[in-house]
Amino acid sequence: APTISGVTASWGTHLDMTEDNSGGTVDVTTTGAANGATVTVTVGGVSTTCSVTSNACTATVVQGTLAGLSEATHAITVAMTADAAGNAVTSNTATTFIYDKTVPTLTIAMASNNADTTKAKSGDTITLTITASEAITALVCTIDGEATTMGGSGTSWTSALLLDGDETEQSTVFSCASHIDAAGNAGATDTSADSGAVTVDLTAPTLTIGMTSNNAVVNTQAKL
C-alpha cells in the first residue's frame, strides 16, 4: 500500500506572530503513490488538498486558517486516497507545531556590589538580574552605553558592567534587546528597571578647611 513518508510545514516547528500574517505550505512526500492521488491536509479543522506528482505534493494553507488558531500545540493531519487496487493509506498525524504569538517580556532588577547597592564608584560592578516571561535566546544588554558581560540562558539572565571610571555620573541607564523566543517572536527593547536603581558617583570628596585661634587679640595668632 502507498504511504505518507514525510510532512514538512513551511513555518517549521513553531508558528509566530509574523508568520501568521500570510499563508503557508505543507510539503508532503509519499511512497508508492500513483500520480494524481489526492492528499488532504488538515490544520485547525480546515482542510486543503493537493495532487501527487512523483511521490510529492504541496498543499497551501491560507492565512485565515493560521491566524485563526489558538495559541497551543497543533497537529497537521495528512490523508491520501486509496490506490487503484483499493489499498487504504494510513493517515499521518505525527507532525505537530506550536502556535505562539506572545512577545516575551523582561523583569529587570538593578544593583551594584557597593556597600550601598544603590551607589557605584570606579571599580564597582553594576548587575542587571533579568527574568524573562518565557525561554529566550540572543539577549544583549548595555549599561551606560557600554557592552556588558552576559550570563544565563532560558528565562534567567544577568548583565554586568565593571566600572572603569569613564562612565557618566548619573542614575544609571541601560538597554536590553535582541531577545527572541522559540517561535521567533522578538521582545521589545527594555530600558526600565522593575526594581532597584544605581547612581554612579566617580568624584572623590574634597574638604574646605578654615583655621583660626582663640587668641583674644588676633585670631590668626596663638601663644603658648
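Close-up 1. Lys-121 is partly exposed at 43% relative accessibility; here buried means under 20% relative accessible area, exposed over 50%, and partly exposed in between, with a 1.4 Å probe and protein chains only. This is a predicted model, in which local features need pLDDT of at least 70, side-chain atom pairs count only at pLDDT 80 or more, and totals for chains, interfaces and linings use all residues. Residues are numbered from 1 along each chain as its sequence is written, and side-chain values use heavy atoms, with hydrogens and water left out. The side chain of Lys-121 meets that of Asp-124 in a salt bridge, 3.2 Å from N to O; the term stands for a side-chain nitrogen of Lys or Arg within 4 Å of a carboxyl oxygen of Asp or Glu. Asp-124 is buried, with a relative accessible area of 7%.

**Close-up 2. The salt bridge between Lys-119 and Asp-116.** The structure holds two salt bridges, and here is the one that Lys-119 forms with Asp-116. Their closest N and O atoms are 3.7 Å apart. Lys-119 is partly exposed, with a relative accessible area of 38%, and Asp-116 is partly exposed as well, at 33%. As a friendly reminder, side chains of opposite charge can pair when their charged atoms come close.

**Close-up 3. Thr-30 in strand E3.** Follow strand E3 along residues 24–31 and you will find Thr-30; strands (E, at least two residues) and helices (H or I, at least four) are DSSP runs, numbered from the N terminus. With 6% relative accessibility, Thr-30 counts as buried. Its side chain is joined to that of Asn-55 by a polar contact of 2.8 Å. Such a contact is a pair of N or O atoms within 3.5 Å; within protein, one must be able to donate a hydrogen and the other to accept it, and residues adjacent in sequence count only if both atoms are side-chain atoms. Not counting residues up to four places away in sequence, Thr-30 touches Thr-3, Ile-4, Ser-5, Val-52, Asn-55, Ala-56 and Met-80, where contact means heavy atoms within 4.5 Å.

**Close-up 4. Thr-148 in the loop between strands E13 and E14.** Strand E13 covers 146–147 and strand E14 covers 149–162, with Thr-148 in the loop between them. This threonine, Thr-148, counts as buried at 17% relative accessibility. The side chain of Thr-148 reaches the backbone oxygen of Cys-141 at 2.9 Å and makes a polar contact of 2.7 Å with the side chain of Ser-159. Leaving aside neighbours within four places in sequence, the residues in contact with Thr-148 include Thr-142, Ile-143, Ala-160 and Leu-161.
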